[in-house]
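Welcome! Please take a look at the model below before reading on.

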Amino acid sequence: MKLNRVIITLIPFIWSVGMVPFVNKSKPIIMGLPFLAFWEVAGIFVAFACIGALYHLDQQDKKK
Amino acid sequence: MSNEVMSLGIIFSFVLFATVIGMLPGLKEKMSLEGWAIGGRGFGRWLSWFILAGEIYTAFAFLGASGWAYARGGPTFYILGYGGLAYMASYWILPAVSPIGKKFHLMTQPDFIQHRYSDKWLGVVVACIGVAFLVPYLQLQLTGLGLIVETCSYGLIGRNAAMMMAFVMVAAFVYLSGLKGVATTAVIKDVIMIVAVAFFGLYLPFHYFGGLGPMFEAIDAAKPGFLALPGGTKNLDVSWFMSTLMLTSLGFYMWPHIFANSFSAKDPDVLRHNAVFLPLYQICMLFPMLIGFTALMILVPALKTPDMAFMTIVQQTLPGWALGLVGGAGALACMIPAADLLLTMSMLFSRNVVGKSMNIHDDHTLMAKMAKLVVLGATGVALALAIFAPSMLVELLLTGYSGVTQFFPMIVLGLFWGKSTRTAAWVSLVVGEAIVFTLILGKMDPFAIAGMNLNAGFVALVVNLIVFVLVSLATFKGTDSQAWKA
């Protein structure tokens with residue numbers, strides 16, 4: 001599915017860029033990090049998960 | 001042993017060890033031009049990983065990120081965000097370029113652009129622009145190294161002497177081993193670097209505040225707003241943050257030396273697989289920031305040069321061995337990316353600028369000789385610049401970043417959109433670069449428009465994209481040649 005791939009690609013951008021206006025604050029401090037920093041670190045894991053999902057889809061296609 | 005001797009000993013042994021390891025591949029085998037420049041297209045997951053990762057942890061990550069945290073606070077967090085997005089972009093771009101590179105024997109980014117648009121002079125111009133942006137980036141590594149070694153040797157070695165010694169070594173192993181030398185030394189650099197930044201990044205906040213949370217609580221209480229946007233600045237606000245994230249993530253792979261990873265990887269799957277795990281590496285960028293934040297609360301009086309925050313706080317807190325560790329890791333963080341930059345610059349200049357314009361690029365023996373001579377010449381030029389015209393770290397990086405990102409439309413639309421035309425590539429490149437230069441040199445970065453403060457490079461990229469699409473639509477003749485595809 002082409003559309004799936006496009007959506008998966010956009011998720012990290014929406015998380016790390018699109019949500020910035022709503023997460024621009026220092027409190028609460030989570031896992032020792034100010035909220036904005038925590039959000040961007042969480043974005044790293046979102047990107048990891050999404051790229052991993054794309055990779056998984058591609059490997060499945062290859063097997064077919 | 002005195003602090004000075006201890007520190008100097010550690011720095012020397014790190015640098016020397018890496019140089020010797022870097023020379024080995026070149027001493028063991030006689031390399032062809034392809035073997036020297038792009039590792040014979042044979043890099044598997046590990047080498048490909050380290051060459052890429054090696055390009056991320058530069059002098060900027062070491063001094064700049066801590067300096068930014070120290071001086072600007074919240075805006076620094078963009079550095080955490082762009083990596084994952086850049087690798088998402090790379091997941092689409094690199095595996096698409098790789099098979100084309102293999103089939104048509106491409107070795108550099110201008111090779112690819114020339115091939116895609118069958119336009120020799122477009123390749124030459126892109127190569128010239130690439131070199132122009134790589135020179136300040138190389139100089140930045142040199143300046144960083146001089147600063148690091150001078151400080152960490154307690155002034156025993158002056159910065160000019162340090163730069164000269166280190167860069168003779170860099171030139172030597174690039175000359176001998178090419179990309180394989182860069183990759184093997186990058187492994188050493190990354191291990192030392194991560195151990196050093198993780199140790200200091202966690203030790204310092206725990207030592208002074210008993211943890212990260214308490215440290216940030218203290219900063220937030222002392223300087224309300226510093227940890228969000230615009231932090232310690234006036235105009236690095238939410239719109240700047242968002243536009244900078246877009247620019248740095250889309251532009252990351254437009255750096256000629258980073259784009260070249262498409263050619264050194266053994267197959268596209270190596271690139272896909274590494275793209276999955278590279279985001280996690282970005283977490284290491286957090287540590288230099290933590291050091292900068294600690295320095296903000298501890299150092300009295302305030303520093304005149306924020307980039308000194310990392311080294312100053314370590315020097316005040318810990319004995320000589322610790323500063324030696326910082327110095328050694330920092331020196332390598334400048335040397336290995338510099339080696340990679342040198343290699344790419346020499347290829348762009350010898351193969352694309354001189355070779356292609358004079359039609360002698362197929363003579364591989366001549367090209368290899370010339371590329372290696374250019375390595376030595378470029379080292380000299382960068383040294384002269386660093387000694388006689390040094391300047392602040394981050395500004396240089398941001399100008400170059402905006403500049404190379406202007407390749408994005410012609411490369412990425414060129415790859416995925418059949419209607420892309422040669423005329424569009426020319427026009428949009430000129431427009432994009434013109435806006436970058438006008439805004440940044442005219443001190444209009446960030447660019448204030450409609451209540452927003454946009455990253456100047458991002459503004460240029462948006463205009464560039466629109467121009468590219470419009471001109472393509474106007475000039476597309478309806479015959480989509482597929483000949484450039486693999």
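Predicted model: local features only at pLDDT ≥ 70, side-chain atom pairs only at ≥ 80, totals over all residues.

Residues are numbered from 1 along each chain as its sequence is written, chains are lettered from A and ligands numbered from 1 in the order in which they are written, and side-chain values use heavy atoms, with hydrogens and water left out.

## Where the two chains meet

Let us begin with the interface. Here 36 residues of chain B are in contact with 34 residues of chain A, contact meaning heavy atoms within 4.5 Å. Between them the two chains bury about 3,100 Å², and 79% of that is on carbon and sulfur atoms. Buried area is the accessible area (1.4 Å probe) that two parts lose on being put together, summed over both.

Across this interface there are 10 residue pairs in polar contact, both residues at pLDDT 80 or more. A polar contact is a pair of N or O atoms within 3.5 Å; within protein, one must be able to donate a hydrogen and the other to accept it, and residues adjacent in sequence count only if both atoms are side-chain atoms. On chain B, the helices α5 (78–103), α9 (212–222), α10 (238–251) and α13 (268–281) each supply at least two residues of the side that touches chain A. Helices (H or I, at least four residues) and strands (E, at least two) are DSSP runs, numbered from the N terminus. The touching side of chain B divides into 24 nonpolar, 7 polar and 5 charged residues. In this grouping Ala, Val, Leu, Ile, Met, Phe, Trp, Tyr, Cys and Pro count as nonpolar, Asp, Glu, Lys and Arg as charged, and the others, Gly among them, as polar.

## Salt bridges

Side chains of opposite charge can pair when their charged atoms come close. A salt bridge is counted when a side-chain nitrogen of Lys or Arg is within 4 Å of a carboxyl oxygen of Asp or Glu. How many salt bridges are there over all chains? The count comes to 14, and between chain B and chain A it is 4.

One salt bridge joins the side chains of K27(A) and E217(B), at 3.2 Å from N to O. This pair crosses between chains, from the loop between α2 (20–23) and α3 (35–63) of chain A, where K27(A) sits, to E217(B) in helix α9 of chain B. K27(A) is partly exposed at 39% relative accessibility, and E217(B) is partly exposed at 38%. Buried means under 20% relative accessible area, exposed over 50%, and partly exposed in between (1.4 Å probe, protein chains only).

D269(B) and K62(A) form another salt bridge, 3.1 Å from N to O, which runs from helix α13 of chain B to helix α3 of chain A. D269(B) is buried, with a relative accessible area of 16%. R272(B) pairs with D58(A) at 3.9 Å and with D269(B) at 3.7 Å. Because R272(B) and D269(B) are 3 residues apart in helix α13 of chain B, about one helical turn separates them. A network of salt bridges links R5(A), D58(A), D61(A), K62(A), D269(B) and R272(B).

## The nonpolar cores

A nonpolar core is a set of buried Ala, Val, Leu, Ile, Met, Phe, Trp, Tyr and Cys residues joined through side-chain atoms within 4.5 Å. The largest one has 195 residues, and those with the most contacts inside it include W36(B), F112(B), V314(B) and M410(B). Apart from it lies another core, of 8 residues, among them I435(B) and L454(B).

Leaving aside neighbours within four places in sequence, V314(B) is in contact with F200(B), L204(B), A322(B), L323(B) and V326(B). M410(B) is one of the buried residues of α19(B), a helix (residues 408–416) in which 7 of 9 residues are buried.

## Two buried residues of chain B

N274(B) lies in helix α13 of chain B and is buried, at 4% relative accessibility. A polar atom of its side chain lies 3.1 Å from the backbone oxygen of R45(B).

A61(B) is placed in helix α4 (residues 59–72) of chain B and is buried at 1%. Beyond its neighbours within four places in sequence, A61(B) is in contact with I56(B), M285(B) and P288(B).
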